[in-house]
Amino acid sequence: MFSIITLFGILGNITTGLVYLSPAKTFWRIARNRSTEEFESIPYICKLLNAYQWVYYGIIKPNSVLVATINGFGAVVELVFIVIFLMFASTQKMRVRTAILFGVLDLVFPAVSFLLMQLMLHRQLRIDISGIFCVVFSMITYGSPLSAMKTVVATKSVEYMPFLLSFFLFINGGVWTVYAFLTEDYFIGIPNGTGFLLGTAQLILYVTYMKPKSSEEISDNLEDGSKHEPLIPSSNLVS
């Protein structure tokens, strides 16, 4: 029977799909210029890992098919983005680094963790552990907007913080937070409530710094030796 829970689940699928597709303009720019410029691959690697976790959670938890389907779509989108990034990486060092992170975080780790959970954990404990993984990796993924916000404040430019991603993060977080409240699923509610707050903060930054720097100013900064912060600092990758 169609219910308000189903309605918000469908709305969540739509908004999450838009979140996954929102960097498309950035990757069109990368493909057109045949260079990744100052963009980082780590956010997309983390988003792919996060998508894998939510697909698994949606499969093993009853009545959560809408969680699995949209994140399956998202995993495909992120794979395409990562392939484009590997093709047009601005340096060989960045290409190698991206390939290593992709292999470890998006191939080896998910395969091993899912296999161990299937073999060693009982049904409810498996769901709980998977849910905890989802929350943890979702919060790690939100390290990307936090670092991007730091870059915006430092450079007083929103060039490297795509507006659509910020807007859809705001909408998507709100929709899934309501869904989590209705279904009493706190594994969904915690990260999406955080995403809603971060999306709100990013939109406020956009209003404040919506006029980007000119290309000449950016070029001058680069010549002076200044560098844009990566979307997730490398120091965050080491526990």
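**Start at E37**

Select E37 to begin: at 22% relative accessibility, E37 counts as partly exposed. Here, buried means under 20% relative accessible area, exposed means over 50%, and partly exposed lies in between, with a 1.4 Å probe and only protein chains considered. The structure on display is a predicted model, in which local features need pLDDT of at least 70 and side-chain atom pairs count only at pLDDT 80 or more, while totals for chains, interfaces and linings use all residues. Residues are numbered from 1 along each chain as its sequence is written, and side-chain values use heavy atoms, with hydrogens and water left out.

E37 is located in the loop between α2 (24–33) and α3. Helices (H or I, at least four residues) and strands (E, at least two) are DSSP runs numbered from the N terminus. Although E37 is not a glycine, its phi is positive, at about 50 degrees. In general, most residues other than glycine have a negative phi.

Now display the side chain of R29, with which E37 forms a salt bridge; the closest N and O atoms are 2.5 Å apart. A salt bridge is a side-chain nitrogen of Lys or Arg within 4 Å of a carboxyl oxygen of Asp or Glu. By this rule, the count comes to 4 salt bridges.

**Two salt bridges to show next**

Select R97 and E40, whose side chains meet in a salt bridge at 3.2 Å, N to O. The pair links distant parts of the chain, with R97 in helix α5 and E40 in the loop between α2 and α3, 57 residues apart. R97 is partly exposed, with a relative accessible area of 27%, whereas E40 is buried at 12%.

Continue to K61 and D185, another salt bridge, with the closest N and O atoms 2.6 Å apart. This pair also links distant parts of the chain: K61 lies in the loop between α3 and α4, D185 lies in the loop between α8 and α9 (186–209), and 124 residues separate them. K61 counts as partly exposed at 23% relative accessibility; D185 is buried, with a relative accessible area of 4%.

**Along helix α5**

Select residues 92–120. This is helix α5, with 29 residues. From its first C-alpha to its last, α5 reaches 40 Å, close to the 42 Å expected at 1.5 Å a residue; the expected span is 1.5 Å times one less than the number of residues. Centre the view on F109, where α5 has a kink of about 35 degrees, shortly before the proline P110. The bend at a residue is the angle between axes fitted to the seven residues ending there and the seven starting there.

Next, colour the buried residues of α5: M94, T98, L101, F102, G103, D106, P110, S113, F114 and M117. Their cover includes α3 (42–60), α4 (65–87) and α6 (123–141). Leaving aside its neighbours within four places in sequence, T98 is in contact with S41, I45, F85 and L86, where contact means heavy atoms within 4.5 Å.

**The nonpolar patch**

Turn to the surface and select I4, I5, L7, I10, L11, I14, L18, V178, F181 and L182, which form a nonpolar patch with about 820 Å² of accessible area together. The elements giving two or more residues to this patch are α1 (4–21) and α8 (163–183), and α1 gives the most, with 7 residues. Patches are made of residues with over 30% relative accessible area and no salt bridge; like charges are joined within 9 Å, and nonpolar side chains (Val, Leu, Ile, Met, Phe, Trp, Tyr) within 5 Å. Accessible areas come from the Shrake-Rupley method with a 1.4 Å probe, and for residues only the protein chains shown count as cover.

In helix α8, select G174. G174 is buried, with a relative accessible area of 18%, and its C-alpha is separated by 8.8 Å from that of L197, 23 residues apart along the chain.

Then select K156, in the loop between α7 (143–155) and α8. K156 is not a glycine, yet has a positive phi of about 55 degrees; K156 is exposed, with a relative accessible area of 51%.

**The whole chain**

Finally, display the entire chain, whose secondary structure comes to 10 helices and 0 strands. Of its 239 residues, 47% count as buried. The chain exposes about 12,600 Å², of which carbon and sulfur atoms supply 71%.
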